[in-house]
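Hi everyone, thanks for making time this morning. I'd like to walk you through one structure, so let me put it on the screen.

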Amino acid sequence: MPEIEHGGGISRRSFVTGVVAFLGSVIASVIGIPAIGYLIAPGLKKHTSDEWVPIGKLEDIPMDIPILSTFTRTSQIGWERSATSFGVYVVRKSADEFDVFSNICTHLSCRVSWKDDQEAFVCPCHNGIFGKDGSIISGPQPRPLDRFEYKVEDGTLLVHLVEG
Amino acid sequence: MAAKWISWLDERLGLTTIYRTILDRKVPKVNWFFTLGSATLFLGVLQGLTGIFLTVYYVPHPEQAYDSINYIMTEVSFGWLIRGIHHWGASLLVITVFLHMLRTFFYGAYKYPREITWVTGVFLLLLTLGMGFTGYLLPWNQRAFWATTVATSITETVPFIGPFINTALRGGTELSTLTLVRFFSAHIWILPALVVAIVGIHLYLVVRIGISHVPAKDE
Ligand code: HEM
Ligand code: FES
């Protein structure tokens, strides 16, 4: 309350107004900050995971044809355990070389699917089209399909699921 | 600048008139007991705000009610604070409503011309108790479940219509999902709507009639 400093001429009314304004803002922030924290709390929680998910035996994965593989993972969301499903497209390029794509469209997260007749991954939402190598053919998507890291162990293909 | 805006709005909305009527009204020389109504009002507003915040996470379903409250208490930032205020505020509110009623009773403030203020007050007392009754079930823990079982059973002792009141309150013969959801609805919609409407009348009358003075010895 700067008025107080410049000499004793402050009226009772403006002193009270100042005190009320000051205390009011203190109370507002004491209430406001917890209120905002309370509302956004779940948004600030990161659930992280880092695991190698087995996709299938090498002998079951055909050459040069995109195969959709899905798996679900459960995690604690709020007070419930809920399942999230993931889909990856595996394209076998040689005996031990693969492209593993996420089926999440890089535009706005719809799910793409492989269309044999078009030889392309097609997104139903805004007609995004990706080639067999994940590259952009046409549509609004900003980047090629996202890829997963993979490795082969004991004849099984595993992909690296990292979140958070 | 601000003053210009305020007078622009004032000319159109009559803000100073509202201010003068409500806050600058003449009051007799009174004592601290006359603040109990305002204290009640403040606690009521606090219950309303914290209650709204609780509904952001609370789920009125037998399988989730307890877990969702547990989540508020342990996971949500300041959740313990919001719930704590709502929990303790509920008891405090019942106490202040009661003390406020005693004040108006012992000072004879219920007499002409304030009979309707008193009668609306009686409804507010009942509604406040109703809020406590319906809110108590919502955590759906053992205490809540059995307290509500007992309290709703008491209504069965009313002659003739007792069993009907009981099943109507419970939404069936036993406590169930239906009981929890109707208590929730009463607690957040029906009773608060009535409270707001009646507090409106109550305070309108306080402003219109003005408050009573402390009775003199010979009154
Ligand atoms: C939610 C509950 C209630 C609220 C928010 C409330 C609020 C108020 C307020 C702010 C006043 C102004 C004077 C004062 O504060 O003493 C008042 C006056 C009054 N209240 Fe209440 N009240 C409530 C419940 C009750 C109850 C339960 C009764 C009695 C059954 C009651 C009877 C009265 C009467 C008779 C007056 C006039 C007092 C006078 O003119 O001196 N009120 N109320
Ligand atoms: S989300 Fe796939 S094209 Fe828009």
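A side-chain N or O atom of B:His100 sits 2.8 Å from a nitrogen atom of ligand 1. Please keep in mind as we go that this is a predicted model.

Now look at the metal. Which residues coordinate the iron atom of ligand 1? They are B:His100 and B:His202, each through NE2, at 2.0 Å. There are 6 donor atoms around the iron, and the angles they subtend run from 86 to 178°, which makes the arrangement octahedral. For reference, the ideal angles for six octahedral donors are 90 or 180 degrees.

Where do those two histidines come from? B:His100 is in helix α5 of chain B, residues 79-106, and B:His202 is in helix α9 of chain B, residues 177-209, so the pair ties together parts that are 102 residues apart in sequence. Is B:His202 buried or exposed? Its relative accessibility is 12%, and it counts as buried because the cut-off for that is under 20%.

Stepping back, chain B has 9 helices and 0 strands. Its C-alpha atoms fill a box of roughly 55 × 55 × 30 Å along the principal axes. Of its 219 residues, 31% are buried.

As background, most residues other than glycine have a negative phi, and most peptide bonds are trans. With that in mind, look at the bond between B:Tyr112 and B:Pro113: it is a cis peptide bond, with omega about 0°. B:Pro113 is in the loop between α5 and α6 of chain B. The other spot is B:Phe78, which is not a glycine but has a positive phi near 60°. You'll find B:Phe78 in the loop between α4 (65-74) and α5 of chain B, and at 32% relative accessibility it counts as partly exposed.

Over to chain A. It is divided into domain 1, residues 1-44, and domain 2, residues 49-163. How far apart do the C-alpha centres of the two domains lie? The answer is 54 Å.

Let's follow the strands of chain A. Strand β2 (residues 67-77) and strand β3 (residues 80-94) run antiparallel and are joined by 11 bridges. One pair to find on your screen is A:Ile67 with its bridge partner in β3(A), A:Val90. The hairpin of β2(A) and β3(A) has 2 residues between the strands, and there A:Gly78 takes a positive phi near 60°.

That glycine has a neighbour I'd like you to see. A:Pro42 lies in helix α1 of chain A, residues 12-44. A:Pro42 and A:Gly78 are 36 residues apart in sequence, but from C-alpha to C-alpha they are 7.4 Å apart in space. A:Pro42 is partly exposed, at 34% relative accessible area.

Continuing along, a hairpin through 2 residues takes β3(A) into β4(A). The two run antiparallel, with 6 bridges between β3(A) and strand β4, residues 97-102. Here A:Arg92 stands opposite A:Phe98 in β4(A).

Further on, 4 strands of chain A form an open, antiparallel sheet in the order β5-β6-β7-β8. Its edge strands are β5 (113-115) and β8 (136-138), and each pairs on one side only. Inside that sheet, A:Phe121 stands opposite A:Phe130 in β7(A).

One last stop: A:Asp154, in the loop between β9 (150-153) and β10 (156-163) of chain A. A:Asp154 has a positive phi of about 50° although it is not a glycine, and it is exposed, with a relative accessible area of 76%.

That's my tour, and I'm happy to take questions.

Terms used
Residues are numbered from 1 along each chain as its sequence is written. Chains are lettered from A and ligands numbered from 1 in the order in which they are written. This is a predicted model: local features need pLDDT of at least 70, side-chain atom pairs count only at pLDDT 80 or more; totals for chains, interfaces and linings use all residues. Side-chain values use heavy atoms; hydrogens and water are left out. Donors are N, O and S atoms within 2.8 Å of the metal (3.2 Å for Na, K and Ca); water is not among the atoms, so sites may look incomplete. Four donors count as tetrahedral if all angles lie between 85 and 135 degrees; four count as square planar and six as octahedral if opposite donors are over 155 degrees apart and all others between 65 and 115; anything else is irregular. Buried means under 20% relative accessible area, exposed over 50%, partly exposed in between (1.4 Å probe, protein chains only). Two strands pair if DSSP finds at least two bridges between them. Domain bounds come from an automatic or database domain assignment. A polar contact is a pair of N or O atoms within 3.5 Å; within protein, one must be able to donate a hydrogen and the other to accept it, and residues adjacent in sequence count only if both atoms are side-chain atoms.
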